[in-house]
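Look over the sequence and the structure first, then go through the points below by topic.

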Amino acid sequence: MNILSYLQRVGRALMVPVATLPAAAILMGIGYWIDPLGWGADNALAALLIKSGEAIIKNMPSLFAIGVAYGMSKDKDGAAALTGFVGFLVLTTLCSPAAVSMILGIPLDDVPKAFSKIDNQFVGILVGVISAELYNRFSSVELPKALSFFSGRRLVPILTSFLMILVAFILMYAWPVVYNVLVIFGENIKDLGATGAGIYASFNRLLIPVGLHHALNSVFWFDVAGINDIPNFLGGQKSIVDGTAIMGITGRYQAGFFPIMMFGLPGAALAMYRCARPENKAKIAGIMIAGSFAAFFTGITEPLEFAFMFVAPLLYVLHAILTGISVFIAATMQWIAGFGFSAGLVDMVLSSRNPLATHWYMLIPQGLVFFCLYYVVFSFTIKKFNLMTPGRELAAEGEIDGYDMNKNGKAAGDIHNEAHQYVAAIGGSDNLVGIDACITRLRLSVKNADQVNDSFVKHLGASGIIRLNKQSVQIIVGTRAELIASAMRDVLAKGPIAAVTENHQPEAILKKKKVENKGEVFLTLVAPVSGQLIDLKEVPDEAFSSKIVGDGIAIKPTSNIVLAPVSGTIVKIFDTNHAFCIETEEGVELIVHLGIDTISLNGKGFKRLVNEGAIVKVGEPVLSLDLDYLNANAKSMISPVIVSNIDDYIGVNILARGPVEAGQTKLFDILR
């Protein structure tokens, strides 16, 4: 397993302890609403809530050790969590200043300051990782009969205790160096003030695609390098009294995220909706509204970010830059709010009466500005560079990425049925090594990532697939990720699951028939209309000219009747009759698109001569055109004839040149 893959495992395991933060934020947030200045001194209920939340915050290092050990264990057993806790207690006790003084024989005053900070999240993660590795290796070991009571899972905490003695001895010399490096890094960013906060925020977003942003967050949000932004903020009045928090400063690594998550990304969603093709807008609206709702209220942004992260990486880089600018502005102006989970409305409201939340309400007008900024920047960039954001791809009405969104896998049955299909889609149980989940992603370890069936995964409703390497795959499924992961474990426990095969795939995917690449002529198309042949590169639409939709040729028509270029089934005729799709018996998928942006004519100038679902012979009339009207009103009547599933074949060989005659001239061969 390579380093990136291993870090991925650590990253997803970190979500276990991080998931406890919302409980602390809610408890302390409500407590501050009741008693914002007394910190519970003036109200018993407030004291109860705040102290309950503080119990979580103060023990985050040990929770990291427990959570990482559990999250990285092979079977998610409680014994792994116990091992992490035991290892943390042993290590932090041996590396406490008093113990270091006795063991190394040096005066207590000469013990490096680093050991007073040994109880931190970084060490918690280290212990969790070591404990998980010991558990995975030795939890099945069988000792001789006389010692059989200590076999298996009972053996691991014992081994961990002894190993932590060695680790503690190493840390007595290594920890001061590691600690100083972390402190120097944190201080260099901290010394940059608001600028450093902005730099941190940009890298926070840039690391999300590979899931390593949690490691960066631990330096700034917790007490690894002395910053400890989240616990200090949630400490409120007590943090002020203790001197661990500074008004207008504590919370600056959090505040600027609110305008982005609550307002900026919904602005981007509106831009993507407005830039979508008219026939796709209804479906895109549902996706964007759901993502915007999640971002605004809870601060969960991955459903929106993954909508453009990979299809338009330029937009994602701009998003990271804008996030840095927002955090920089909030830190500069000392507009501060904090969170225990993420920067959504819920956390903003809960933090608003915290005494460290200074001018928090100004984040709302800042957010409105960023809503407009995101909308303008995204709209301009999408149109300027013709980026294929959701809904801009050429898809049949009611489909996104070529799949009927109304036939989402979730509708096929309960979550266990859905989980069964996900296991089959990733190559079956034989290909699956490990299952984990974070807030919105299935994080899967596989034997071979190439066996994952992308088409089927997307058909089930996933919004994205990330292959980190040959053994690590992430599937973006939204906030149901943990439920799906748990259901996948349940169905695997019942027995092996075969990989999805062509015979078991939905009809929409069965169309994607693969053919053996031999370089021979597989099928020949004839001209559907008479007219002048145009190279696909000359088509005034980037989706066609760049061959994103598929490969083929274009014709500027001079005849009024559009014929079937091959024999097959009319699988789709657009409601506006400006385009139709044919599937041949051999599995070739063709699109005949009359004109550019002619969908905006709302059907005027077009008339269908056959119905959707009809079986036609080559040369049979399909549409009639009012060319006089179309030439006068269409943006262009250059009409692409496209093989949309060209990836299943070697390519096309153009046969015709110059003028062509409908039903007579051979346009091109499809090669296999």
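**Second largest pocket**

Helix H11 gives seven residues to the lining of the second largest pocket, the largest share. The model is a predicted one. The points below start with this pocket, go on to the whole chain, and then take up several groups of strands.

- The second largest pocket holds about 690 Å³ of space.
- Its lining is made up of 30 residues, and those nearest the centre of the pocket are Asp223, Asn228, Pro231, Asn232 and Thr244.
- Helices H3 (44-58), H4 (60-72) and H11 (229-242) each supply at least two residues of this lining.
- Sorted by class, the lining of the second largest pocket consists of ten nonpolar, ten polar and ten charged residues.

**The chain as a whole**

- There are 23 helices and 20 strands in the chain.
- The chain has 672 residues, and 56% of them count as buried.
- Taking contacts between residues at least 6 apart in sequence, 73% join residues that are at least 24 apart.

- Strand S13 covers residues 589-593, and five of its five residues are buried, so the strand is largely enclosed by the rest of the structure. Buried here stands for under 20% relative accessible area.
- In a regular strand, side chains alternate between the two faces of the sheet.
- In S13, Glu589, Ile591 and His593 lie on one side, Leu590 and Val592 lie on the other, and all are buried, which leaves both faces covered.
- S13 pairs with strand S12 (residues 579-583) in the antiparallel sense, over five bridges.
- Two of the facing positions between these strands are Phe580 opposite Val592 and Ile582 with its bridge partner Leu590.
- S12 and S13 form a hairpin with five residues between them, and Gly587 in the turn has a positive phi of about 100°.
- S13 also runs antiparallel to strand S17 (residues 639-643), to which three bridges join it.
- In this second pairing, Leu590 stands opposite Val643 of S17.

- Strand S11 (residues 568-573) runs antiparallel to S12, and four bridges join the two.
- Ile573 has Phe580 of S12 as its bridge partner, and Phe580 also stands opposite Val592 in S13.
- S11 and S12 form a hairpin with five residues between the strands, in which Asn577 takes a positive phi near 60°.

**Open sheet of four strands**

- Four strands make an open sheet in the order S3-S4-S6-S5, with antiparallel pairing.
- The edge strands are S3 (432-437) and S5 (464-469), each of which pairs on one side only.
- On average, neighbouring strands of this sheet are turned by 20° against each other, direction ignored.
- Helix H20 (residues 481-493) packs on the sheet, where it touches S3 and S4, and the direction of H20 makes about 150° with that of S3.
- S3 and S4 (residues 441-446) pair in the antiparallel sense over five bridges.
- Asp436 has Arg443, in S4, as its bridge partner.

**Open sheet of three strands**

- Another open sheet has three strands in the order S7-S20-S18, again with antiparallel pairing.
- S7 (521-526) and S18 (651-654) stand at the edges with a single partner strand each, so one side of each strand has no neighbour in the sheet.
- From one strand to the next, the twist averages 25°.
- S18 pairs with S20 (residues 666-671) in the antiparallel sense over four bridges.
- The bridge partner of Asn653 is Asp669, in S20.

Technical notes: Residues are numbered from 1 along each chain as its sequence is written. This is a predicted model: local features need pLDDT of at least 70, side-chain atom pairs count only at pLDDT 80 or more; totals for chains, interfaces and linings use all residues. Side-chain values use heavy atoms; hydrogens and water are left out. Buried means under 20% relative accessible area, exposed over 50%, partly exposed in between (1.4 Å probe, protein chains only). Two strands pair if DSSP finds at least two bridges between them. Axes are lines fitted to C-alpha atoms, for helices over the stretch in contact, and angles run from 0 to 180 degrees between N-to-C directions. Contact means heavy atoms within 4.5 Å. On a 1 Å grid over the protein atoms alone, a cavity is a set of points where a 1.4 Å probe fits but cannot get out, and a pocket is an open set with protein on both sides within 12 Å along at least five of seven lines; lining residues have an atom within 4 Å of a point. Grid points are joined across faces, edges and corners, and a volume is the space filled by probe spheres set on the points. Ala, Val, Leu, Ile, Met, Phe, Trp, Tyr, Cys and Pro count as nonpolar, Asp, Glu, Lys and Arg as charged, and the others, Gly among them, as polar.
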